[in-house]
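Work through the exercises below with the model open. Each task is followed by a solution in steps.

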Amino acid sequence: MTGAALEASPRKRVWKGLSASALGQAAAAAQAIVLVPFFLHAWGVDLYGRWLALTAAVSYLTLLDLGGKSYIANLLAIRHAQGDEAGFRKDLSEGVSLFIFVSLGTCAVMLILLGVFLQTPFPGLGRPFMGWEAQVLGLIGASCLLAIPSGVYGSCFRAAGLFARGAVVRIFVVCLWIAVSIGLLQASVSLEAYAAATLGFGIASTSAVVWDTRRCIPGCKGLRIGLAPARQGWAHLGGSLHFWVIALAEVAKIQGVVLVLAFIAPPAAVAAFATHRTLASISGYTYVLVQGPVIPELSFLWAQQRHADLQRATFASVKLLMVAAGSVALLLWLSAPLAYPLWTGGKLPLEPVLLLILLVQGVLAAGWSTSAWALIATNHHRALTGWFLGNAAVTLVLAAWLGSTHGAAGVAAAGLIGDLLCGLVAFPALGSFFLKLPPGRLYRELCAGALTLLPLAGAAYLSRVLLNGWWSIAFFVLAGAGLAYPMLRKEPGVADAVRDFRHLAADWARKAR
């Protein structure tokens, strides 16, 4: 391999990963949107509603991965970076074996419960399950449980530096399932038959992933799946459970505030909060797209003891994500008065204060949460768990207080305050300590990213003052494009980030030689 090719390799992995991640998000959105009319055509509104209720009831089974997917993926990435193929195979065998037995045990419990509730009334339903309902619950539940060890196994793609390949495989599976689903629904199959097809397709796609990984990842050959590796896998639960608690805290924070608002405010306030949050969350897609391909690269750097490279990669990620999220947030702020009424059919008014709070929260989160990526990528995430829990607790308590007087805007403010007290205060400090940096180093990177956004904010202000409607948006886009070049060349936030990535690529190439 030539020096030029080596220099491009890390960047190619990241950019290919970003592209594949974006396509994966599009495929998932297409699945949610495209199939709805076919469901309604095949089953009608009533049966489709029952299908949604039944699938939602068992979807929480996926939480039984207990954080194992993230934890095992990091272990595998570290093993791969160190060239420890035997360790890679051992950790993968233990992780998959453990969660196979977790899924099988849960499946047995679920079957017993379904048998009980075929004979006695189910709490809240007031009657026993019908036969077809029990079949659908059992089949969809089995699909959810199959996804647990399958997801742990599939993490070997990103751990082996093949994030893009794994994403492409998932995209192919999603697109193929959309086609199969359309065919089944066009034939008006029953709910039970569709549930059975879902399980069958899950088994087939898992088998295809196993076949593909055995072709391209040496550590996936010769796995030992059984009770002995599962027992050894218990040693991994201590670390994985912290990932699980973090996920639960995030779910509690996101869904909990909606429940709090539903108790203290009318349904219209809940609808306004949910729709404004959905709109504001578009700026957060930049975080989701970048995290997948970048996290394994951070694992590789730490495993190979490239601490200076790990520091620069963290600086670059913090600044670039803040600038990207902020740019999208400014565009949303300008376009919301036009897009929101069209999206909601004019039934909900735009609340500028609510939207502004949610957008600011998203931009700040892109910076402070990214500052701790190095801890997450190297399984040093335990120090973060308490802060995630504290964030959820503070947010829910303040939501009940502020929401009672300020409605949806008060609930949004509670989330922002929780992020400031338990995110912005703690995560950059913990990240700096882990990276052996001065305590305020990552805060400087956050400020650099924020300062970079000032010219764009000025362009957004002028767009709103000087122009109206879509012309203001067009002016902002053109102004942003005009500012892009000097930002890349001179602005401390973006210019330093681009230079960091360039230096990283050169260093990786030199050390590889």
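**Exercise 1: a salt-bridge network**

R79 has a relative accessibility of 25%, so the residue counts as partly exposed. The model used here is a predicted one.

Task: Find which residues are linked with R79 in a network of salt bridges.

Solution. 
1. Start at R79 and D84: their closest N and O atoms lie 2.9 Å apart. A salt bridge needs a side-chain nitrogen of Lys or Arg within 4 Å of a carboxyl oxygen of Asp or Glu, so this cut-off is the one to apply.
2. Go on to D91, which forms a salt bridge with R79 at 2.8 Å between the closest N and O atoms. This pair links distant parts of the chain, with D91 in helix α4 (residues 85–117) and R79 in helix α3 (residues 68–81), 12 residues apart.
3. The network therefore joins R79, D84 and D91.

**Exercise 2: a nonpolar patch**

Task: Identify which helix gives the most residues to the nonpolar patch on the surface.

Solution. 
1. The patch consists of Y461, L462, V465, L466, L467, W471 and F475, with about 770 Å² of accessible area together.
2. α19 gives the most, with 4 residues.
3. F475 belongs to α20; its relative accessibility is 34%, so F475 is partly exposed.

Terms used
Residues are numbered from 1 along each chain as its sequence is written. This is a predicted model: local features need pLDDT of at least 70, side-chain atom pairs count only at pLDDT 80 or more; totals for chains, interfaces and linings use all residues. Side-chain values use heavy atoms; hydrogens and water are left out. Patches are made of residues with over 30% relative accessible area and no salt bridge: like charges are joined within 9 Å, nonpolar side chains (Val, Leu, Ile, Met, Phe, Trp, Tyr) within 5 Å. Accessible areas come from the Shrake-Rupley method with a 1.4 Å probe; for residues, only the protein chains shown count as cover. Helices (H or I, at least four residues) and strands (E, at least two) are DSSP runs, numbered from the N terminus. Buried means under 20% relative accessible area, exposed over 50%, partly exposed in between (1.4 Å probe, protein chains only).
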